[in-house]
Amino acid sequence: MNPSVRQFGELVDRLMASQWTPEELLQASQREPLYRLAEHASKQSPLIRRRLAEAGLRPEDIAAPGGLARMPLLRRRDFQLAAAELYCAEVPREHGPVNVLRTSGSTGEPVAVRRTHFTDLYWYALTMRDHHWHEREFSGRFSAIRPTMPGHVRLPNWGPPTSVLHPTGPAQAIPITAEIGQQAEWLAEFSPNVLLSFPSVAEAIARHLREHGQRLPELRRVKTIGETLSARLRQEIETGFGAPVVDIYSSHEVGIIAVQCPESDLYHAMAENLIVEILDAEGRPCAEGEAGRIAITDLHNHATPIIRYEIGDWAERGGPCRCGRGLPTIRRVLGRERNLVAMPDGSRRYPLVGFMRFREVAPVLQYQFVQHAIDRLEMRLVTETPLSASQEADLTAIVQKALGFSFALGFTYFPDRIPRAASGKFEEFICRI
């Protein structure tokens with residue numbers, strides 16, 4: 001085993017042990033890497049050096065209890081406009097070579113993140129933690145549907161990071177841009193034990209298989225990434241495939257942020273690698289059950305010092321988990337602010353639209369909401385048969401009751417699928433105000 005593989009395996013073992021550390025001790029353990037990050041960035045990153053000075057902070061101040069909250073938030077537009085000043089001029093030799101990852105997320109605002117071998121090592125190790133938590137059998141067949149795949153291909157193993165540490169069964173990679181029927185056909189031929197996919201794609205495939213009298217009899221787990229997993233999508237996927245869904249919350253900028261607990265529906269933040277804050281409108285930490293904006297500090301990226309990065313997502317803070325792990329929790333990932341409904345009283349809420357009753361009154365196959373005004377929604381639909389005026393009225397009543405306000409609803413129909421964003425992602429609710 002070469003040193004990098006040994007280092008990888010040792011990190012996986014440490015993470016499997018540290019998850020049981022009490023939360024207050026985990027938070028204390030974050031101070032040393034946070035200090036090292038701030039000290040390095042104060043010397044190598046002009047932007048961080050300037051921000052520290054403007055806030056009257058030294059690196060040791062940030063690492064002190066309560067000190068990080070004094071650092072201004074780094075917003076995506078700041079990242080875009082001042083990237084050259086944010087990047088570190090030098091990177092510690094032990095962090096390995098630097099690579100560049102470009103992403104626009106779901107915002108259409110591209111950023112380029114410089115990452116190192118060390119940050120990638122944590123990404124890989126946290127992927128293995130997810131595998132171990134959910135007891136995936138590495139000898140099984142693994143299918144991955146991704147936006148980065150140029151074409152369909154079968155592979156002899158799962159690929160890194162899994163195959164670096166374990167012998168695995170075969171895998172297949174499917175481009176997310178392929179037609180849903182074609183994706184379903186490839187999956188049926190391969191008969192995977194584990195499927196990785198965006199939630200909306202998995203739901204569409206499950207529906208296609210059901211409509212054509214097909215199934216994936218060997219499927220044991222569905223792993224979802226890349227989109228907000230709503231309660232409706234989880235229900236549809238689990239019912240359609242007859243297999244449990246495990247969700248991962250991640251971003252290209254910082255890697256894996258939180259993983260669904262193997263013993264509850266809570267998400268555990270990956271506290272050994274990231275500091276995940278959930279902040280209210282005043283910038284204060286949210287209490288358990290409160291929803292707010294997410295700000296993330298990457299403790300180990302000494303190439304692009306991401307300190308209190310407002311990633312653009314909202315989440316609801318969780319409480320202690322019954323599993324006994326000390327990793328802090330997120331109850332729900334709500335998505336981006338543009339995925340929350342704007343209410344006439346000025347508040348924003350998770351858009352519970354009453355989807356469970358839609359098919360009681362109309363043959364709805366797919367839906368999407370777009371909010372164009374404070375009191376007006378567009379309901380985009382794919383239906384089995386054209387809807388009557390009374391069916392539209394029934395849907396309107398369901399949505400208005402679920403949202404708690406009498407929004408005016410307009411209807412737009414699509415023949416087969418509602419178009420996705422250019423990134424391949426699908427959003428059930430989009431607020432444009």
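So, which residues in H11 meet Arg232, Leu233, Glu236, Ile237, Gly240 and Phe241 in H12? They're Pro199, Ser200, Ala202, Glu203, Ile205, Ala206, Leu209 and Arg210, with "meet" taken as heavy atoms within 4.5 Å.

Quick caveats. This is a predicted model, where local features need pLDDT of at least 70, side-chain atom pairs count only at pLDDT 80 or more, and totals for chains, interfaces and linings use all residues. Residues are numbered from 1 along each chain as its sequence is written, and side-chain values use heavy atoms, with hydrogens and water left out.

Okay, geometry. H11 (residues 199-211) and H12 (residues 231-241) pack at about 40°, axes 9 Å apart; helices are DSSP runs of H or I, at least four residues, and strands are E runs of at least two. Axes are lines fitted to C-alpha atoms over the stretch in contact, with angles from 0 to 180 degrees between N-to-C directions.

Now Phe241. Beyond its neighbours within four places in sequence, Phe241 touches Leu195, Ala202, Ile205, Ala206, Leu209, Leu216, Leu219 and Val222.

Pro160 to Pro161 is a cis peptide bond, omega near 5°, and Pro161 sits in the loop between strand S5 (153-155) and helix H9 (162-165). Arg308 isn't a glycine, yet has a positive phi of about 60°. Arg308 has 4% relative accessibility, so it counts as buried (under 20% relative accessible area; exposed is over 50%, partly exposed in between; 1.4 Å probe, protein chains only).
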